[in-house]
Amino acid sequence: MLLTAACQREKRDLRPAPTRLAVLGTAARESLLQPGGAQAPLEPVNPAEGNAYSISEGQRLFNAYNCSGCHSHGGGGIGPPLIKDVWTYGNDPANLFDTIVKGRPNGMPSWGGRLPEYQIWQIVTYIRSLNKLEPKSATPTRSDSIEQNPHTLTPVPEPKLQ
Amino acid sequence: MMAERLGTKLHQNGAMVIPRSLAAAAVLFYFAGILFPQIQNEADDGQWTMAAKNPASTRYSALSQITTSNVKNLKLAWTFSTGLNKGEEAAPLVVNNTMYIVTPWPNILYALDLTNPGATKWTYSPHPSASSQGTACCDVVNRGAVYYKGKIFYNTLDNYTVAVDATTGKQVWKTLMGDINKGESMTMAPIVAGGKVIVGNSGGEFGVHGWLAGLETETGIVTWRAYHTGPDSQALIGPEFKPFYAQDRGKDLGVKTWQGDQWKIGGGSAWGWISYDPALDLIYYGTSNASPWNADMRPGDNKWTSTLFARKAETGQAVWAYQMNPHDNHDYDAVNENILLDLTIHGQPRKVLAHPDRNGRMYLIDRTTGEVLSAEPFTFVNTSESVDVKTGKLNAVDSKKTGFKTVRDICPAPPGGKDWPPSSFSPRTGLLYIPYNNLCAEMSGTQANYISGTPYLGTDVRMYAGPGGNRGGLTAWDPVTAKPVWKVKEMFPAWSGTVVTAGDVVFYGTMDGWFKALDAHNGNLLWKFKVGSGVIGQPISYKGPDGKQYIAILAGVGGWSGAIVSGGLNAADGTAALGFVNAMADLPKYTTTGGMLYVFSLP
Amino acid sequence: MNAFPLLLVSQSALEPGGTNASRILTLGEGMVFLLGIIFVAVMIMAVIPLMRRHRGIEQEPLERTHQPSEATERKLAIVVGSAAGATVVILLGLVAVSVVVGKSISTAGMPSHALTIEVTGNQWWWNVRYMNDDASKIIVTANELHIPVGRPVVIRGMSNDVIHSFWIPGLQGKRDLIPSRVNTEWIQADRPGNFRGQCAEFCGLQHAHMAMWVVAEPEDKFDAWFAHQGQDAVPPATEELQRGQQVFLNSACILCHHIQGTEAAGQVAPDLTHFGSRMTIAAGTLQNNKGNLAGWIADPQGIKPGTKMATVPVKSEDMQPLIDYLESLQ
């Protein structure tokens, strides 16, 4: 059991087939209000879930595609934080996938039509790993960005969801 | 005013009598010529028709009802809620007993009836696109409008300049000036000079091609547009251009000081303050930082980013330029205010401008030629040793130059010794009132990537308080002696503008929500009021329809410094908001968001 | 330039084409020669006693304690002493020679006013930037260096991610490219030719496919190449090529690549402004021709598994115009 989990975690699927451009979002639900009663979720499965290579690729792409320009290293800035408890559009992998592909009304760009799907799943999984929603064994242990200097004024709290 | 008082009893008993008051006035006037700097000012009618009060940008109100003795009685007269909760940076305008307020996105223009305080005469909604919020580096702010010949002019976040009839609120014209998909946005308060509305873009963090433009006030047609990088033809640099210093002279420096075609995405936007000298017919303004922040990616001096320009208002032709921070590697924009003063320096009367730069130095520059007279630090500075006034060179400290490496203890931090919040000048005290920052930072360069419409940075930053522990304050500065006269420390960076009155009172607000009145002579705190949210706006002083003097301020924390509150950011990531979150992790304890106008007067 | 000049291929430290490599080879050959002699001598001296004939009954009886004569002892002392002395002298001599040669190929022996090239190692390609105090004369390319024959060239080595090592066997010894450091060295080509080099420090999945080419050419050819590299990309001349450019600008390509003169200004992948003029694709992995290029774009992971280049889905009708356009960027 443990061995198969480790296999999934360490698997490197370098050539996702088929290679699709992410054009349409999914029909992921963003509301708990479902007329007539709650229904089964429509979300597709995140193919990169729990995969260490995907999370590390996601981290690389998060910086290369300038996500960090607006969201910093999860704290936000021009854009909202990506380490948080309350998500406007949900933080299921399919919701995050939607957000990146479709964009969002108040300034999130729409990447659909540019990025291949597998890269978006990698970024989605990385964002989830920032929120500790991915297995700890698959998550990178430290950020590559500048280390905290001891004498800064405001002590940085333990990374946590706020 | 003096003339009226002099018109008494010149003749008595047939003989010419020189009344004592006349003699006294003559003596005072004589000394005033030497001791007190003269300024170019329109007569003060108690209105506020442009964000900086007058083209010289002194933000000085000649109203004197509120004085150092009675300001302690100042009471809240009325309030008005904008209904929004993003950073309120605008200066309200007051014209013809109407107050005009521009809000942050969605950039609504409110016309408030001062005869019926708080009542809305009309509202104008330009409906800027919601997506434009994704190209605003530092909150979706707007720094205000300008009134000219019956129209209100201002900019929307999604790159429109609009003209609205000041009486009816109907749109007169709306001109599209930029493209959000190039990372452009507009937040600055325009001015009108030479019959043109002068506007500029924002986006030094997005790799835009920065520009300043002049539009016809009646039609909104773009008469001229000067780009701040690129060939001389685009920069409107021609035969009139005579920079004072050698390193600013040459052909096509906006291309030659860049690698390859990087100038096309080099930044140099014009999002700050513009002053105007009608006698010389010159507008003065500065350009933003260069893109990307990681300077190793863009070798060269990177002209004309971080440059102070003097241009003809009607044609936009450049007359002189001085690059303040060549090859800027600390995000030291040159966009701060230029206060036009006529001072006596070393015994000579000079027409100067006072420019407190992001690099922490107070520049005194001859505004006819561009010669630097002095550049003394007004906060703690370790990124430069000095400015050589003979050559104009900034002697940058090598160990603090950033790039593909980690540099710590950079002072001042990227927001500078002072960011956009404007200073004011009192001709009575002869002092400049400067809201300043006391912040240092560590910066670490990373590979930046240019994707149009997204940030182009390449740097991780963490800011923290500078020496002393206070993150800012207000300083009164004597421009002639180039020395501070008094300083008031604040816990947070002083991110509001200042206004100084003839009653010798200085007003400003703090980020933790205190609106304060200080004695302009000595900085003593005379009065303060806790408003609902941190103050990052520009206070004004006006005469109401009842003849009383009023002070108005918008309170709503946000902007770059308050992003942790207005954006709900996560303090666990110190690099958030380009490093500001590290320095402001405690701000949420002191203030929440808001968007309220407060108007004060004596009871 | 698509010809693959096989005759001039050289990735051998034994066929130096540059000053530093020659010095290293000379030192190496000298050492081999000298130490070879010593080796042979020592071997002979080891074998001779084994070859000595057994003396037989005439030898002195073993019961008596064998005392070497004084003469023998003296001879022994002289032999041992001189052997030890000679060893020390030879070793010190070798050390001295090594130091001298090492200094001459190090930055201490570096001439000033040399051409400076900044080489940045990335996983798994080389970013090349020709530096100049005049920023407008700086040019950027990737994976292929051109240098003038007979002129020293300073290489400033940096890395964007992990440790790589810059090694052109025909020109110089290895020099590591370390993140957050700049390592400087100099090279000089003594004859024209193409010198192949590769990364010499394990840097990940495709370390083996991280090669580069250094083209040494006469001064005038180099100047022409350099002048051309600084220009904007060749604009697409035909409708087909324009379509190819449109495909490029509308895909994910512009998120990473730069083509000077177009809107594509990405900085995290090799500069493609003059891609068509390079000899190879993917850091020396493939010869630069249309077939290889199409294969590379269609399936980079098949050629370099783990490469950072995205697998961008390009429609079949777009592929031909795209590769035509890229090959037209001479």
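Modeller: Let us start with the word domain, whose bounds here come from an automatic or database domain assignment. Please keep in mind throughout that this is a predicted model.

Colleague: Which stretches make up domain 1 and domain 2 of chain C, and what separation do their centres have?

Modeller: The assignment for chain C gives domain 1 as 7–46 + 72–229 and domain 2 as 239–327. Taken over C-alpha atoms, the centres of domain 1 of chain C and domain 2 of chain C are separated by 32 Å.

Colleague: What makes residues of these two domains count as being in contact?

Modeller: Two residues are in contact if their C-beta atoms lie within 7 Å, and by that rule 19 residues of domain 1 of chain C are in contact with 15 residues of domain 2 of chain C. On the domain 1 side, strand S3 (125–130), strand S4 (139–142) and strand S11 (211–217) of chain C each give two or more residues. That side divides into ten nonpolar, seven polar and two charged residues.

Colleague: What share of chain C is called buried, and by what cut-off?

Modeller: A residue is buried if 20 or more other C-beta atoms lie within 10 Å of its own, and 38% of the 330 residues of chain C count as buried.

Colleague: How many helices and strands does chain C have, and which residues of chain C touch chain A by kind?

Modeller: Chain C has seven helices and 13 strands. Twelve residues of chain C are in contact with eleven residues of chain A, and the chain C side divides into seven nonpolar, four polar and one charged.

Colleague: What makes up the contact between chain B and chain A?

Modeller: This contact takes 39 residues from chain B and 34 residues from chain A. S31(B) supplies the largest share of the chain B side, four residues, and that side divides into 18 nonpolar, 15 polar and six charged residues.

Definitions and conventions: Residues are numbered from 1 along each chain as its sequence is written. Chains are lettered from A and ligands numbered from 1 in the order in which they are written. This is a predicted model: local features need pLDDT of at least 70, side-chain atom pairs count only at pLDDT 80 or more; totals for chains, interfaces and linings use all residues. Ala, Val, Leu, Ile, Met, Phe, Trp, Tyr, Cys and Pro count as nonpolar, Asp, Glu, Lys and Arg as charged, and the others, Gly among them, as polar. A residue is buried if 20 or more other C-beta atoms lie within 10 Å of its own, exposed if 12 or fewer, and partly exposed in between; C-beta atoms are placed from the backbone.
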